[in-house]
Amino acid sequence: MIGWLEPVIPHLKALHVIALALWVGGLFGLPVMLARHDPAIGQADFTRIRLASHISYVWVITPAAVTAIVAGTWLIFLREVFVPWMFAKLVFVALLIGFHAWVGHHIVKVGETDGRHEPPGPRLPLLLLLVPVLAILALVLLKPDLGEIPLPGWLTEPRDRQLPVSDVPRW
């Protein structure tokens, strides 16, 4: 770890946790807002809900996601947390990113199709979102020793071969 950056770590952790809470909270709220996108509720309410979901996604939830990811990446390198549970956690973070993109896709479709796009109900997306969120919480809080998971040798041992790149550009 870089010694002079050590005092920054608690602040970076706080930023990461706050941004993550905002991001995940928004991911739980947006499917419920998407379910309210029904032109039958009246044009004024439809416009208000559509605008609220768009603004919260673009100006609050996406910046919180980027902040959480950037702060978390810095923490990994500053704390040198290169352990199996962290790599497992990153798989579930990738699922959160995929869910984030899926919600954004539906927000765009609702905005561009003039009431013809019917977003999915909130129950299944919220249940699916629980999987990565609970897995991330369990991995971070328990920090299990995942070193005993049987992996093939090609994943755990060096192959003593050159990379399949013939010419490396020099800058």
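Helix axes here are lines fitted to C-alpha atoms over the stretch in contact, with angles running from 0 to 180 degrees between N-to-C directions. With that in hand, here are some close-ups of this predicted model.

**View 1. Helices H3 and H4 cross.** The axes of H3 and H4 come within 9 Å and cross at roughly 155°. Angles over 145 degrees count as roughly antiparallel, and so H3 and H4 are roughly antiparallel to each other. Their crossing is left-handed.

**View 2. The contact between H3 and H4.** On the H3 side, look for residues including Trp 85, Phe 92, Leu 96, Phe 99 and Trp 102. H4 answers with Pro 125, Leu 129, Pro 132, Ile 136 and Leu 139, among others. By type, the residues of this contact divide into 16 nonpolar, no polar and one charged.

**View 3. Trp 85 and its surroundings.** Trp 85 lies in helix H3. Its relative accessibility is 10%, so Trp 85 counts as buried. Beyond residues up to four places away in sequence, Trp 85 touches Leu 139, Val 140, Lys 143, Pro 144 and Leu 146. Trp 85 and Ile 136 sit 51 residues apart in sequence, yet 9.5 Å apart in space, C-alpha to C-alpha.

**View 4. The largest nonpolar core.** This core has 21 residues, and those with the most contacts inside it include Trp 23, Leu 30, Val 103 and Leu 129. Helices H1 (9-35), H2 (43-79), H3 (84-112) and H4 (123-142) each supply at least two of its residues. Setting aside neighbours within four places in sequence, Leu 129 is in contact with Leu 27, Phe 28, Leu 96 and Phe 99. Another core, of six residues, lies apart from this one, with Leu 5, Ile 9, Ala 71 and Leu 78 among its members.

How values were computed: Residues numbered from 1 in each chain as written. Predicted model: local features only at pLDDT ≥ 70, side-chain atom pairs only at ≥ 80, totals over all residues. Heavy atoms only, no water. Core = buried A, V, L, I, M, F, W, Y, C linked by side-chain atoms within 4.5 Å. Buried < 20%, exposed > 50% of the residue type's maximum accessible area, 1.4 Å probe, protein only. Helix = DSSP H or I, 4+ residues; strand = E, 2+ residues; numbered from the N terminus. Contact = heavy atoms within 4.5 Å. Parallel < 35°, antiparallel > 145°, perpendicular 65-115°, else oblique. Left-handed = near helix turned anticlockwise from the far one by under 90°. Nonpolar A, V, L, I, M, F, W, Y, C, P; charged D, E, K, R; others polar.
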